[in-house]
Amino acid sequence: MRWGMVIDLKRCIACYGCQLACKAEHGTPPGVFFARVLKHEEGQFPSVRQLFLPVLCNHCEEPPCVDVCPTGASSKNDADGIVSIDPDVCVGCRSCMMACPYSNRYFNDKPQHYFPQGPTPFEQRRGADHQRDVVMKCNFCKDRVAAGKEPACVANCVTVARVFGDLDDPNSEVSRLIKERGGFPLHPELGTKPSVYYLPA
Amino acid sequence: MNDMTDIKAQGTGDAWVPTSCALCYGSCSILAHRVDDVVVKIEGNPESVVGKGRLCGKGVAGLMTHYDPNRLTVPLRRTNPKKGLNEDPGWKEISWEEALSECADVLRRLRADDPRKLTVQRTTTVSASRMPFLAFNAAFGTPNLSAAGGGMHCGNGAHLLSGLMHGSWSVVPDFQYCNYAIFFGASKGHAAGHASASNMGMAAEARSRGMRMVVVDPMCNFAAAKATEWVPIRVGTDGALALAMCQVLVNELAVFDEAYLQAKTNAPYLIGPKQRYMRDATTGKPMVWDLKQGAARPFNAVAAADMALDGDFEVDGVACQPAFELLRRHLRKFTPEWAETITTIPAANIRRISAEFGREARIGSTIVVEGVTLPYRPVAAIAFRGSQGHMNSVYNFFAISLLNQLVGAADVVGSCLGFNPASNGFEETGRLAYKPHPDADGLMKTGTWMGYHLPYPIAEPKLPEKSGLQDLFVFGLTSPFLDSDDSEALWQKLELPYRPEVMLNFGANLLMSIANKESLANSLARYKFMISIDIFATETSAFADIVLPDCGHLQTLDSRSNYPFIFSLPAGMGEWCWPIRQPVLPPDGEQRRFQDVLLELADRIGIRADLNAAYNASMNLAPPYRLQGDRKYSYEEICDAELKSNFGPERGLDWFKEHGVLKWPKKPEEVYWRPFADVRVPIYWEFIGPVYEKIESLTAPRGIKVPAEYYQPLPDFLPCLSHQCKAPGFDLYAFYYRDILHTNSFTMENPWLDEAAQLDPLSYTIAINADTGRKKGIADGAWIWVENEKGRRVKGRVHLTQAVHPEGLGVAACAGHWGEGMPIAKGKGVFFNDLLELDWEHTSPINLNLDLCARVKVSLAGEGQR
Amino acid sequence: MDANARYNQLIQDLRMELRPQREWGDGKGLYLVVGHFFNGLACGAWLFSLLFGQTTGLLAAYLMGIIGGVTHLMFLGRPARFWRMVRQQKTAWVSRGFLGLSLFLAGATLYLAPIYLPGLLWSEGSLLSTIGYVAAMLGMIGIMGYMGFVYTASKAVPFWNSPLHPALYVSYSLRGGVAVLFVTSWLVPPAKDLTPILLPLWGGITAVVALLFALEIHGALTGGNEAARRSVHDLLAGRVSGYFYLGTLALGLVLPAYFMYAGMSGATTTGLMALLGLASAVGDFFMKFSTLRAGVFLPVWTHLSHQRR
C-alpha cells in the first residue's frame, strides 16, 4: 500500500488549523513546520485571486531527499510509502533540504522552545524526542496512523479539505478524488511522484 | 472556594477531557488530552455540534496560551499612585485575603454610596462570562455592564438589525441549501465570528456543492478569497450598493416576493401623515388596504394575500400609502449610476448582481426538508462588522437586510438565517423553548436575547442612567461614551446623576480594543479604583489598582459555555447542542476562577442573597433548583443547579463532566421557523419617528444636536466623516479587519499563533494596493507612517497587493501591543485603533457605533521597528 | 549568528515566494564552502603536483585535504556521527565525497609517508606506497566529482541543478591546483621553473572556467525557471553581487589576469606568480561562496496557477 493525501484547494480557507494542529501533535520547535500554509496572489486588481496552498512532506515515491542522504537517515518505507527521518542517524548535512523541491524539510538549529523562560510542560513532553541539529519533517503522523487515526492535519481540518488513504487502492477515496476531480501533485515534471495531491480551487 | 480537589485527585493517568475552547467567542467543544499532569493535545470534540471535532488554528494552539509562563499567578497591587501610559504601576505581590478585602471594602462603600458608580467591563472572548457578570451586576445594582468596551469588533448595527429582522444575534447564509450568497464586509464561514469553526466547515461544504458567493469588500481576503466574485468597494459605502440593488429589484426588475412582504413584513401597513401608521380607531391596530373589500382594515383582520402593497389610498379623508409603496418611491433615487459614484462599483455590475440575486431567489418555490414542505429562497445577503462599523451603521445593515426581505429570503430554506432564534426546547423537560412572537402591532419580538435591551420594541428614551448613554440612545448596544474624550461633557449636558468611580474589568484590554490609546488612557485614569481580573498583565491592567490572576480555559468551569443558542451554535439543520467547560488542570500558583472571585466578593460585600436571586432570574432556574436566600453556593453548585434545571435531575454537573455535551435533533419547523411564527418584521421603521422626537426633546434643550437624517423610517446612504475629508494628501481610507489567526488583542501572545501570523503576508502588515503604493514610491516591505487628519499616526510594514481597493488601506485589528506583560505579543503588528478618534463626532448618532474607518495619508518611515 | 537570529531570518525568508537557501554558505554553513574550497585546491594541487613531480605541492595538497575534511565535519549538525556518511554510495554524492576524501587522505598518507619520512616506515615504490598512490588518485577523482554533483542533485535549487556544475567544479579544482603550485613554487622553488608551463595552463583553465560559467548563467536565464533567474539576479545584481564582483571577478580574474599579462610580457617573478595564485584561489573561493549563496529555492507555486478551474 501507499499512503497518500488529497487536499481540496476549493475547501481550504488558510485558517492555519493544519499548521497549528501539527505543532500541537508533534511539539515541533520554533521554525520547524511539518505542515504549513502558503498564500499566493495572482492577477491584477480587480480580477486578482488569492490562492492558498497547505503544504507538507509529499512522501514522494521517488524521493530525491532519500537519494541524497549519505547516512540513510532519510528513508522510504516500501510497505506504506512513508518517507521519514531517523533522528539518531541524521548527521545534519542538509543535502536533503537542497534536494526536496518542495522545501518541506527544516534544520533544527533554532531555539528549542517557544518561551525564553524555558520549555513549557507540554514542550517537555511532546518535544522530548526531538534532536537538535538534525533535519526534521512530516512523517504522515505514522504513530497516529498505526493507531488507526488520521494524521493530525487531516483529522483537524475544519473545512474537511484533507483526505488520507491508500493510493494503491483504486477504490479508495483518495484515488477516486484524484481521478474524478483532476487531482494534481506539485512539480510533477521533476519525476518525484508525490503522494500528496491537490484538487483544483 | 476554588475547590479543585477533583482535578488534583486525578494526578496521573491518561484522559481525554471534554470541555470548551475559549480562544474566541466561538467556544468550540474540545477534548483536552491530559497525560499525568500535562495537557499534551487539544482536539475538537467530534461528539459536539460546535466545531464538529475540528478546530481552527487558535483552538489547537490553546495549550500554549495555557502554558504561557507570562500568565499572572498572584494578586498584584499597584504602588505607583499615578496612572498613565508611561507610568509603571510598580506591582507588588499581595495575598488573596489582602486583595479581596481591599476590593470588597471599596465595592461595599461604593454600593452604599451609589451602585451605579461601578462600571463592569468584560471581554466577549469568554462568552460564558456573561452570566456570572450579568448576575453580579444585577445584584450589585449597576446598569453599567459593557462587553469589551465601546464596540470595536462588535456589531452595534448587526445585532440590532439581526434582532429586529431575524430574532437573533447574528445572521448567516443557510449553508446547507443556499445557492447564492452576497457578503458585505463579513467573513462568516471563512475566518472569525459566531460559530466560526462550524461555519468554516459548512461554508466549505457549500462551496464544494457549488454555492456561488459574491463578496463585497474593500479587501480580497478570507471570504473574498474563496468567493466566486470579489466586488471591491470604497470603504464604508456598502449601504449605497445595497440600496441600489433594492432599487434594481423593486423598480427596474420588479422582482420581489409579494406574498412574503404581505404576510411577514409591515410592507402593507398604511402610512399616513408624519410617517405614522394609519391605526384603526377602535382596536388601535395598524391598518392595511384590503383589496377584496376595497377598504382600510386592521392588519389582523385581513388575509395577507388581500393586502395592498402599492398605490395611494385615502382613509377618512387622509391620504396614505402602504409602506411598500413608500419604499418603492424612496428607492428611486438610488440608481446604480448614483451608487457607482459612491461605491466605485460599475453600474452594470450592480445591475447584474442584483438580477442574479433576484433570479436565484426562486421566489414562490418550495422544498421538502425532512418531510416538511417549506419556502425555498436559496439566496442570502449577509453583513457584519465591515459594512456596519460606520457612522451609517444602522442604514447600511438595514439596506442589506432589505435585500433578504424583498425576496422573502429570511429564515426559510436556503436563505439568510438568524442563529437559532426559535427552539422547541429540550423535550424531556420542556425547558429552553423560545420563539419570536408578535407585539400588538404584529411586529416581531425576539424569543431570547443576549442582554442589553431587546432590539424591539425600542425602549423609551430617557435621560441617561447608564454612563454609556444607551438608555437615551436606545438603538445602541455598546457605547464609546464610557471612555470617550467628551464623555464628561456629555454627562454634564445630559445630567448623568453620578460619575463612574470604580471599574471592574474582566479580561478586556480596552486600551487596545476601542480607539486611540490616549483617549482610553485618560478615561481609565479617571477611575478612582480599578480591579482587573485577567490571565495576563495587559496594557489595560496597567491602570488597575488591584490585578487578580484568573484561571485559563483549561482550568475553569462554565455550565453554559455555548448558550444562548442565538450566539454561537451553528444555524441550519442539525442538532441542538449544550456543551460545558470543565477544569482539566489545576490553577497555577494562586490563580482563581473569576466566577469564584465574584461569589467571594458578593459575600464580602454582603449581596449574596441578591446574587442568588439574580442567578435564579438570569439562568431562569426551575423552582426545585432555585438558589435559596443568602446560602453560600459554590460555583459548582450553581452550575449543577442550572444543568439539572434544564435537563433533569440525572443530568447535573457530574453527568456533563463525563459526557461533555448533550444534544438533540433540530426540527425543520425550528430552523425554518418564519412560516410558523405569526410575526412581521419592519421594512418601514414607523416606530423611529417618536423615538427621535423623544431623544430630540431631551437633547436639544441640553445643547446636543442629534441629526434627524439618521432617524428616518427608510434607509439612506449617509457618508462617514472619512468620506467628507478634503484635506490634501489624505487620499486613503484606512479600515481594519479581523484576522483568521487572532482574537482581538489576546492571541498575539500565543507564540504558535504569533509565529504563523509572522509568516502570513497580511497579519502584521499594512495592505495597500500595489499600484497605489508604486505611485507613492512605496515598495513592498517598506516601513510607513499612517496618519489621520488629527495627526495621530501609526507605523507599520507595507504589504503591496493587488487584492485591496486602490483607495483602501487595510490592517488586521487590535495588534501592536506595547506592554511588558505580554512579551511575545509586544511590537507585533500594527495598532490600527490609534487612528480612531473617540468622540461624539465620530459616533453614529443613532446607535452609538464608533466609525471604524479613517481618512489617512501615508509617508515613508525610517528603517526598523517602531 | 545565534539561534534567535537564525530563527528570525528563517521567518523572514519563509515569507518570500523566492526564498534564498541559507543552510549552505551562511553561518555554520560557511564551513562547507571552506571545506569545498580546500578540498578543491587539494585535488587540483595533488593532480598537478604528481604531473610535475612537485613534492611540496603534494604536501600542500595533503594538508589542504585535511583542512577541508575538518571544516566539512565542522559544518555538520552532528559531526560525531560522521562515519555514518559512508553508507549510501549507491545514490548519495555526499557519501561518495566522504569516501573520496577518506581514500584521498588515507592514500596520500601512505604515499607521502616514505617521501617525507624516508626510511622510517615503508619505501617509495613499495606496495603500500603504490596502494596509497592509487587510493589518493581515486579519492581525488571522487572529491572532484562529489562537489559538483552534490549541487546537481539539489533539485530544490534550480540554479545549481545544472549538468554543467560538475564540470565547473572540476575546472575550479584544476585552476586551484595551478594556483597552489604558483604558491608552493614561490615557497620552495623547484629545480626547474614551472612558470612557463603553469601560466598558460592557468590561462587556459581560466578560459574554460569562464566559458562554463557563462554557459551556466545563460542556461539559468533561459531555462524558464524563476528561481534560477532570481539566483542569477542575486549573483549579478542582488544580495551577493558584491562578493561576485569584488571577490570573484576583481580578485579572481582581473587581478591575476593582469599578473599573467605582466608575466607573459616578461618581467615575471615567482613572488608575483604566487600573488597570482593567491588571488586566483581567493577568487575561486568567492566564486563558490557567491554561487552557493545565490541559491534560491524552487517556488512550489510554479505549477499551481494554471491548475485553477
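This is a predicted model: local features need pLDDT of at least 70, side-chain atom pairs count only at pLDDT 80 or more; totals for chains, interfaces and linings use all residues.

Guide: A residue is called buried here if 20 or more other C-beta atoms lie within 10 Å of its own, and exposed if 12 or fewer do. By that count, 49% of the 309 residues of chain C are buried.

Chain C has ten helices and zero strands. Read from the N terminus, the order of its elements is therefore α-α-α-α-α-α-α-α-α-α. The radius of gyration of chain C is 21 Å, close to the 19 Å that the globule rule gives for 309 residues, so chain C is as compact as a globular protein of that length. Along the principal axes, the C-alpha atoms of chain C fill a box of roughly 75 × 50 × 35 Å. Contacts in chain C with a separation of 6 or more are made, for 72% of them, by residues 24 or more positions apart.

Chain A itself is built from seven helices and nine strands. Its radius of gyration is 17 Å, close to the 17 Å that the globule rule gives for 201 residues, so chain A is as compact as a globular protein of that length. The C-alpha trace of chain A spans about 45 × 40 × 35 Å along its principal axes. Of the 201 residues in chain A, 61% count as buried. Among the contacts in chain A between residues at least 6 apart in sequence, 64% join residues at least 24 apart.

Most residues other than glycine have a negative phi, and most peptide bonds are trans. The peptide bond from A:F45 to A:P46, however, is cis, with omega near 0°. The proline of this pair, A:P46, lies in the loop between β2 and β3 (49-56) of chain A.

Chain A also touches chain B: 35 residues of chain A are in contact with 46 residues of chain B. On the side of chain A that touches chain B, α1 (17-26), β2 (35-42) and α4 (121-126) of chain A each supply at least two residues. Of these elements, α1(A) gives the most, with seven residues. By class, this side of chain A has 18 nonpolar, nine polar and eight charged residues.

Chain B has backbone details of its own. A cis peptide bond joins B:Y563 and B:P564, with omega about 5°, and B:P564 is found in the loop between β25 (546-549) and α19 (565-568) of chain B. B:F222 has a positive phi of about 50° although it is not a glycine. B:F222 stands in the loop between β10 (212-216) and α8 (223-226) of chain B, and it is buried, with 27 other C-beta atoms within 10 Å. B:D411 likewise is not a glycine, yet has a positive phi of about 55°. B:D411 belongs to the loop between α15 (393-407) and β20 (416-418) of chain B, and it too is buried, with 31 other C-beta atoms within 10 Å.

Two views of helices in chain B complete the tour. Helix α11 (residues 323-331) of chain B is mostly covered, since seven of its nine residues are buried; among them are B:F324, B:L327 and B:L331. The buried residues of α11(B) pack against α9 (238-252), α10 (258-264), β12 (270-271) and β16 (318-322) of chain B.

Elsewhere in chain B, helix α4 (residues 96-113) and helix α20 (residues 594-605) pack at an angle of about 55°, with their axes 9 Å apart. These two helices, α4(B) and α20(B), are therefore oblique to each other, and their crossing is right-handed. Residues of α4(B) including B:L100, B:A104 and B:R111 meet B:E600, B:L601, B:R604 and B:I605 of α20(B). The residues of this contact divide into six nonpolar, one polar and four charged.

Definitions and conventions. Residues are numbered from 1 along each chain as its sequence is written. Chains are lettered from A and ligands numbered from 1 in the order in which they are written. Two residues are in contact if their C-beta atoms, placed from the backbone, lie within 7 Å. Helices (H or I, at least four residues) and strands (E, at least two) are DSSP runs, numbered from the N terminus. Ala, Val, Leu, Ile, Met, Phe, Trp, Tyr, Cys and Pro count as nonpolar, Asp, Glu, Lys and Arg as charged, and the others, Gly among them, as polar. The radius of gyration is taken over C-alpha atoms; the globule rule is 2.2 Å times the number of residues to the power 0.38. Axes are lines fitted to C-alpha atoms, for helices over the stretch in contact, and angles run from 0 to 180 degrees between N-to-C directions. Angles under 35 degrees count as roughly parallel, over 145 as roughly antiparallel, 65 to 115 as roughly perpendicular and the rest as oblique. A crossing is left-handed if the near helix is turned anticlockwise from the far one by less than a right angle, and right-handed if clockwise.
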